[in-house]
Amino acid sequence: MNYPSPHHEDDEHEDEVFLEDSDIIEEINVDEEELVDADDDDEEDEQGGGEFMDEADDSLHTFTGHTGELYTVTCSPTDASLVVTGGGDDRGFMWKIGQGDFAFELQGHTDSVSSLAFSSDGQLLASGSLDGNIRVWDITSGGLKDTLEGPEKGIEWVRWHPRGHVVLAGSEDSSIWMWNADTNAFMNTFLGHAGSVTCGDFTPDGKLICTGSDDATLRIWDPKSAQSIHVVRGHPYHTEGLTCLAISSDSTLALTGSKDGSAHIVNIITGKVVTSLSAHTDSIECASFSASAPWAATGGMDNKLIIWDLQQSLPRSTCEHPDGVACLLWLGQYKYVATGCVDGKVRIWDSRSGECVRTFSGHADAIQCLAASSNGEYLVSVSIDETSRVFEIAEFN
């Protein structure tokens, strides 16, 4: 395990702007006599004098340690400054908001880091990779605790049991695996899906497991027997693969979104579809319940965030974006929703009025994932532009 030179940019020099190749909008041929000296031009850009930069950077901290697209981010549930990011450079990094001298590399994966998750007590971190392995890290020592093996293809997602060191993961090979991270012991394999297991989780009470697949089904499992209790498929359910899943805080309802543009709510106890939410016209990429009202939020490639009134099964608000909505997060007391957009912007929406109350600029490409610090003060985004950025959101708690 080595400690690489950290790559951070803090907000001490907010006025400085840096140009990269990805910032070029158009190349214009000019007469050679009009050209300024190249060295002077470079120096001007380094000092923030580039006249073609029209985008502000609203982030208070930028982490640039990665050398590839970023796919996933998670924040510690116990340390409000601790962030972990992972991406296409086959690496994860642990770093701290506002502490540019701290960065710890999670080494050992041989393919993209696709999923990251902290245990509920914040003691352990699981990193899932397209190499098919999950590596478990001890946060206190920073060392590798276990490597959990089994799936034959890439890991799509990793989750922890809400009250213990039990790891659950879904794979591209259509299987779900469960391990005890304290003992490094395999516990169960859940077999039945006929396609990549794209989403899944324990219910908040820890008693059941819900998983969604590219095979257009939702399965509800008994963790102890590894048997399917319910398989939800066919009319009126999804006609194409599931992309996202959320479970209500009382462990009774599962909200799923699909490539077919539909969202459905399933009663986990009965396995029956209780509500169909129809308004999106393209793939739904993210979905989440509000914990403080009978509302839910869905985001899709039709450029919409929709806030749903679940009692009426109708949209409360439709929040239009310039491009697809890749990820969303309810904030604080659930009045506000944050979205990460393909246009590189992070937006904060008032769920009651449907108004966009803040747009955060800084990223140069699509946002892939969002996470909030445990104290609710910071929103962390990761992007295809190879950076992670931190934005202040205390006012939206």
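**Entry 1: the β12/β13 hairpin**

I started at the hairpin of β12 and β13, which has four residues between the strands, and noted that S174 in its turn has a positive phi of about 80 degrees. The model is predicted, so I kept the rule that local features need pLDDT of at least 70 and side-chain atom pairs pLDDT 80 or more, while totals for chains, interfaces and linings use all residues. Residues are numbered from 1 along each chain as its sequence is written, and side-chain values use heavy atoms, with hydrogens and water left out.

Strands here are DSSP runs of E with at least two residues, numbered from the N terminus. I count two strands as paired if DSSP finds at least two bridges between them. Strand β12 covers residues 166-171 and pairs with β13 in the antiparallel sense over five bridges. I looked up L168 and found M178 in β13 as its bridge partner.

**Entry 2: the other side of β13**

I then followed β13 to strand β14 (residues 185-190); these two are also antiparallel, over five bridges. I176 stands opposite F190 in β14. The hairpin of β13 and β14 has four residues between the strands, and N184 there takes a positive phi near 60 degrees.

How many residues of β13 are buried? I found four of the five in residues 176-180, so I noted the strand as mostly covered. Buried means under 20% relative accessible area, exposed over 50%, and partly exposed in between, with a 1.4 Å probe and protein chains only.

**Entry 3: salt bridges**

I listed the salt bridges and got ten in the structure. The criterion is a side-chain nitrogen of Lys or Arg within 4 Å of a carboxyl oxygen of Asp or Glu.

One of them joins K96 and D79, at 3.5 Å from N to O. K96 sits in strand β5 (residues 92-96) and D79 in the loop between β3 (70-75) and β4 (82-87), so I recorded a link between distant parts of the chain, 17 residues apart. K96 counts as buried at 19% relative accessibility, and D79 as partly exposed at 24%.

R91 forms another with E105, with the closest N and O atoms 3.6 Å apart. R91 is in the loop between β4 and β5 and E105 in strand β6 (residues 99-106), so the pair ties together parts 14 residues apart in sequence. I found both R91 and E105 buried. D89 joins R91 and E105 in a network of salt bridges.

I also checked K304 and E320, whose side chains meet at 3.8 Å, N to O. K304 lies in strand β25 (residues 304-309) and E320 in strand β26 (residues 314-320), so this pair ties together parts 16 residues apart in sequence. K304 is buried at 18%, whereas E320 is partly exposed at 48%.

**Entry 4: two loop residues**

I went back to the loop between β3 and β4 for S81. S81 is buried, with a relative accessible area of 16%. Its side chain makes a polar contact with the side chain of D79 at 2.8 Å. A polar contact is a pair of N or O atoms within 3.5 Å, one able to donate a hydrogen and the other to accept it within protein; residues adjacent in sequence count only if both atoms are side-chain atoms. Leaving out residues up to four places away in sequence, S81 touches W95, K96, I97 and Q99, contact meaning heavy atoms within 4.5 Å.

Is T110 buried or exposed? I found T110 exposed, at 63% relative accessible area, in the loop between β6 and β7 (113-118). T110 touches D90 and D131, again not counting residues up to four places away in sequence.
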